[in-house]
Amino acid sequence: MLIESHVMSCEPTPVTSADQETTRPGLEALLRGMPLLRRRLQPKQTLFREGQPCKALYLVHAGCFKTCVLSEDGREKITGFHLRGDLLAIDSYDTPTHACSAVALDTSEVWELPLDLLKSQLPEALPLVTAMLANELRRDWRWMLTVGTLNAEQRVVAFLLDLATRLEALGFSARQLFLRMTRAELGNFLSLQLETVTRALSRLAAAGMIQVEGREIRIENAPALRAMLGTH
């Protein structure tokens, strides 16, 4: 059933201990029993748009989101991909409007954390929010360095290894990846053309480092991929 991002069909639901197994350590204890509003979105639905009033943070409970900004001439620039446990709108914390837009890439669910609730009833959560914001900034710096210093093939490798690490931390396979984003969206994030991303994946597959079947990618030789980046 399609649920528009601005229309809610469910009531606030207390977070249970089973739910908390999917949240970040620290947040789960603070959210226990809180009446959090859950928002379910279908692929391509927008959670919030750049410039809209920012009144809440959103904890990704399931699915995947992209965040993006628009240039003055209307071009979209993807700034990141966000998985379960990430906080959306954290870059707009304590500002009046959203600094970017967030769009679901597949069937997804977020828990809405109103800023007023965080500040009035959960002041102990603020250090966690600050730490997560700092971590997000560090990720942004790493990707700026990646895009600025690595060639096209290395950028794709860096993305695959980073995604594998993030999925493994969530309890999923670090070898079997399913790309929720299109190749064009991946290229946008890595500042590469669609054709360049496709050729890079084909070369990596031809070298036996990965297998590619549509959006499914299997990492066959992680050490070789890391060696391309000079890491072990």
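Biologist: Which residue in β6 is the bridge partner of Leu70?

Modeller: That's Glu76. Bear in mind that this is a predicted model: local features need pLDDT of at least 70, side-chain atom pairs count only at pLDDT 80 or more, and totals for chains, interfaces and linings use all residues. Residues are numbered from 1 along each chain as its sequence is written, and side-chain values use heavy atoms, with hydrogens and water left out.

Biologist: What makes β5 and β6 a pair of strands?

Modeller: Strands are DSSP runs of E, at least two residues, and helices are runs of H or I, at least four, numbered from the N terminus. Two strands pair if DSSP finds at least two bridges between them. Strand β5 (residues 65-70) is joined to β6 by 6 bridges, so the two count as paired. They run antiparallel.

Biologist: Why are β3 and β6 called edge strands?

Modeller: The open sheet has 4 strands in the order β3-β8-β5-β6, with antiparallel pairing. β3 (46-48) and β6 (76-82) each pair on one side only. From one strand to the next, the twist averages 30°. Helix α6 (residues 183-190) packs on the sheet, touching β5 and β6 (contact means heavy atoms within 4.5 Å). The direction of α6 makes about 100° with that of β6; axes are lines fitted to C-alpha atoms, for helices over the stretch in contact, and angles run from 0 to 180 degrees between N-to-C directions.

Biologist: Why is Cys68 called buried?

Modeller: Buried means under 20% relative accessible area, exposed over 50%, and partly exposed in between (1.4 Å probe, protein chains only). Cys68 has 6%, so it's buried. Cys100, at 4%, is buried too.

Biologist: What makes the Phe48 and Tyr58 pair stacked?

Modeller: Rings of Phe, Tyr and Trp (its six-membered ring) pair if their centres lie within 6.5 Å; planes under 30 degrees apart count as stacked, over 60 as edge-to-face and the rest as tilted. The whole structure has 6 aromatic pairs. In Phe48 and Tyr58 the centres are 5.7 Å apart and the planes at 25°, so this pair is stacked. Phe48 sits in β3 and Tyr58 in β4 (residues 56-62), so the pair ties together parts 10 residues apart in sequence.

Biologist: And why is Trp143 with Phe189 called edge-to-face?

Modeller: Their ring centres are 5.2 Å apart and their planes at 70°, so edge-to-face it is. Trp143 is in helix α4 (residues 126-149) and Phe189 in helix α6, 46 residues apart. Trp143 counts as buried at 13%, and Phe189 does at 9%. Ring pairs link both into a cluster with Phe81 and Phe159.

Biologist: What makes a set of residues a nonpolar core?

Modeller: They must be buried Ala, Val, Leu, Ile, Met, Phe, Trp, Tyr or Cys residues joined through side-chain atoms within 4.5 Å. The largest such core has 34 residues, and those with the most contacts inside it include Val156, Phe159 and Leu177. Helix α5 (152-169) is among the elements that give two or more residues to this core, and gives the most, with 10.
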